Amino acid sequence: MANKYVTDEARKQIGKVGEARTIEVERGAIRRFAEAIGDTNPIFNSDRDARHTRFGGMVAPPTFGRSLSAAIPDVKLDMGESFRGLDGGSDWEYFEPIRAGDRITVQTKIADLRESAGRLGPMVFITTETTYTNQFGQVCAIQRSTAIRY
Amino acid sequence: MSMAQKQFYYEDVEVGLELPSLKKDPSTQQLVKYAGASGDFYQIHYDKDFALKNHLPGVILHGALKNAFLGQLMTDFAGELGWLRKLSVQYRGMDQPGTPVTCKGKVIKKYIDGGNHLVDCEIWLENAQGEKTTPGSATVILPSRHAAG
């Protein structure tokens with residue numbers, strides 16, 4: 001059966017890229033994030049304690065990237081105004097630590113658009129892929145997240 | 001984690017090993033702090049009237065906060081000498097502040113790839129009734145007792 005919302009035309013939005021943003025990672029922002037999630041690990045909280053670890057200084061907790069305000073490209077679907085949204089989940093891959101003082105460039109693209117039949121009617125799955133790249137061009141992390149609209 | 005917490009080495013770990021669990025007791029105040037720190041100000045996470053109007057039982061935890069809790073479970077397990085390589089979470093059920101949640105996991109595979117000593121884990125966050133509201137998976141690189149450096 002043909003998709004109701006994720007039509008061939010709608011699928012042309014796959015690959016759409018949001019504006020790249022570069023943000024300097026402040027020590028205080030890492031510490032506030034660690035405090036908010038209740039993680040007292042010294043590598044996320046204290047430059048003095050983290051200095052003697054193999055990281056050589058404070059690094060960011062695994063999901064800190066969420067605070068860097070990625071610009072999510074707008075996905076247009078013919079669902080009217082009354083659809084509901086859900087956060088489906090995230091898959092992260094980590095390559096390099098994000099360090100205090102780094103300038104991280106964050107960019108998000110639409111990686112996939114799918115539709116499936118749910119109990120409440122068609123459900124649309126929007127997968128975004130956000131890449132976090134440091135000032136040396138090293139990819140620190142890739143985050144794939146799925147938003148659900150129904 | 002504290003500096004004194006045990007460092008796991010690859011050789012210490014067997015399939016079936018249960019990871020040290022991580023208990024959290026999130027309050028509405030913590031949700032407000034998380035909203036501020038992450039920039040996610042969707043009102044269902046701190047405004048009870050708004051949440052009720054949206055057919056929710058009350059304010060609910062950010063999925064992303066549960067993602068962060070499971071991240072802590074894994075960075076605690078990896079320890080200072082390890083590295084969290086992959087982390088996946090699926091939000092299947094709601095959790096509300098004022099109710100404790102526990103992050104748990106177990107080792108499902110260990111292998112060496114590209115010179116790295118890797119450990120795959122099944123992970124989840126469960127509520128006080130033992131329901132897995134947030135299942136997931138993770139891969140860590142652990143140090144080896146046999147590897148130089």
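The structure is a predicted model, for which the predictor reports an ipTM of 0.95 and a pTM of 0.95. For chain B, the average pLDDT is 94, and 95% of the residues score at least 70.

Chain A contains four helices and five strands, arranged along the sequence in the pattern α-β-α-α-α-β-β-β-β. Its C-alpha atoms occupy a box of roughly 60 × 30 × 25 Å along the principal axes. Of the 150 residues in chain A, 32% are buried. Among the contacts in chain A with a separation of 6 or more, 72% involve residues 24 or more positions apart.

The contact between the chains draws 26 residues from chain A and 29 residues from chain B. On the side of chain A, the elements contributing two or more residues are α2 (27-37), α3 (42-45) and β2 (85-94). The largest share, eight residues, is supplied by β2(A). Classified by residue type, the side of chain A that touches chain B comprises nine nonpolar, nine polar and eight charged residues. Strand pairing also crosses from one chain to the other: β2(A) and strand β2 of chain B (residues 83-90) are joined in the antiparallel sense by five bridges. Within this pairing, E93(A) has K86(B) as its bridge partner in β2(B).

Helix α2(A) has I30(A), F33(A), A34(A), A36(A) and I37(A) as its buried residues. Viewed down the axis of α2(A), these residues fall within an arc of 160°, and they therefore line one face of the helix. In general, an α-helix has 3.6 residues a turn, so residues three or four places apart point the same way. The buried residues of α2(A) pack against α3 of chain A, and also against α1 (28-38) and α3 (63-78) of chain B. Just after α2(A), G38(A) adopts a positive phi of about 75°.

In chain B, the buried residues of α1(B) are L31(B), K33(B), Y34(B), A37(B) and S38(B). Seen down the axis of α1(B), they too fall within an arc of 160°, so one face of the helix is lined by them. Their packing partners are α2 of chain A and α3 of chain B. Helix α1(B) is followed by G39(B), which has a positive phi, near 85°.

Further strand pairing is found within chain B. Strand β1 (residues 22-24) and strand β3 (residues 101-113) of chain B run antiparallel and are joined by three bridges, with K23(B) opposite T102(B) in β3(B). Strand β3(B) also pairs with strand β4 of chain B (residues 116-126), in the antiparallel sense and over eleven bridges. One of the residues in this pairing, I112(B), has H117(B) in β4(B) as its bridge partner. The two strands β3(B) and β4(B) form a hairpin with two residues between them, and G114(B) in the turn has a positive phi of about 60°.

The largest nonpolar core consists of 58 residues, and those with the most contacts inside it are I30(A), F69(B), L70(B), L73(B), M74(B) and V140(B). Helix α3(B) provides the largest share of this core, nine residues. Leaving out residues up to four places away in sequence, M74(B) touches L84(B), L87(B), I123(B), A138(B) and V140(B). Apart from this core lies another, of five residues, including I110(A), L113(A), V124(A) and I126(A).

One of these residues, I126(A), is also in contact with T146(A), a residue of strand β5 of chain A (residues 139-149). From C-alpha to C-alpha, T146(A) lies 34 Å from R54(A), with the two residues 92 apart in sequence.

Methods. Residues numbered from 1 in each chain as written. Chains lettered and ligands numbered in written order. Predicted model: local features only at pLDDT ≥ 70, side-chain atom pairs only at ≥ 80, totals over all residues. Contact = placed C-beta atoms within 7 Å. Nonpolar A, V, L, I, M, F, W, Y, C, P; charged D, E, K, R; others polar. Pairing = 2+ DSSP bridges. Buried ≥ 20, exposed ≤ 12 C-beta atoms within 10 Å, placed from the backbone. Arc of directions from axis to C-beta. pLDDT = per-residue confidence, 0-100. Core = buried A, V, L, I, M, F, W, Y, C linked by C-beta atoms within 7 Å.
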